[in-house]
Amino acid sequence: MSIAESFERVQRAYADGERRPLLGYLASLCSYGVLVGAATAVGRRRGARLPQRFSAGDTVLLALATHKASRLVTKSSITSVLRAPFTRYEAPAGEAEVNETVRGHGVRHAVGELVTCPFCSGVWMAGAFTAGLVLAPKATRLVLTALSAVAASDWLHLGYDAAKR
């Protein structure tokens, strides 16, 4: 049995009659691996050294910025133009956010799931920001600080609006 036939068999058994884009997921995982490998190669070429540990402050900035960046990419009205090839608009979802459904099959569907899921895209964001902290720490901290400030501002806006009611 060929690898392709074996993969098709596994996919059918896994999907149980549903359309599940396992090949698209595999492409996404491979893409992530290639990007991590490329960042590692760049770091090695530049002689970048991994820090012994990240500070608590960097960890908080990374968490807040990852949250905000993943919401911006996956839910923001303004970034819907980036998701449009993979999604269909459904309805508003609250403060400057939208609900969308994934469209297409295979890789297109898998990308659609990635760009509409803040939990999924958060892994990619955190990976990129972590690589940035190693390869370009000053610039990355600036970006993390700005995104964290926007995240805190969002919570303050929501709290302010709630307090007016």
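K164 is exposed, with a relative accessible area of 58%, where exposed means over 50%, buried under 20% and partly exposed in between (1.4 Å probe, protein chains only). Its side chain meets that of D161 in a salt bridge, with 3.9 Å from N to O; the term denotes a side-chain nitrogen of Lys or Arg within 4 Å of a carboxyl oxygen of Asp or Glu. D161 is partly exposed at 27% relative accessibility.

## Basis of the model

The model is predicted: local features need pLDDT of at least 70, side-chain atom pairs count only at pLDDT 80 or more, and totals for chains, interfaces and linings use all residues. Residues are numbered from 1 along each chain as its sequence is written, and side-chain values use heavy atoms, with hydrogens and water left out.

## Overall form

The chain contains 7 helices and 2 strands, arranged along the sequence as α-α-α-α-β-β-α-α-α. These elements are DSSP runs numbered from the N terminus (helices: H or I, at least four residues; strands: E, at least two). The radius of gyration is 19 Å, well over the 15 Å that the globule rule gives for 165 residues, so the chain is more spread out than a compact globule. That radius is taken over C-alpha atoms, and the rule is 2.2 Å times the number of residues to the power 0.38.

Along its principal axes, the C-alpha trace spans about 55 × 50 × 25 Å. Buried residues account for 27% of the 165 residues.

Side chains of opposite charge can pair when their charged atoms come close. In this chain the count comes to 7 salt bridges. One of them joins R20 to E113, with the closest N and O atoms 3.4 Å apart. R20 lies in the loop between α1 (3-15) and α2 (22-46), and E113 in helix α5 (residues 106-116), so this pair ties together parts 93 residues apart in sequence. Both are partly exposed, R20 at 29% relative accessible area and E113 at 22%.

R141 forms a salt bridge with D58, and here the closest N and O atoms are 2.8 Å apart. Because R141 belongs to helix α7 (residues 137-164) and D58 to helix α3 (residues 56-75), the pair ties together parts that are 83 residues apart in sequence. R141 is partly exposed at 32%, whereas D58 counts as buried at 8% relative accessibility.
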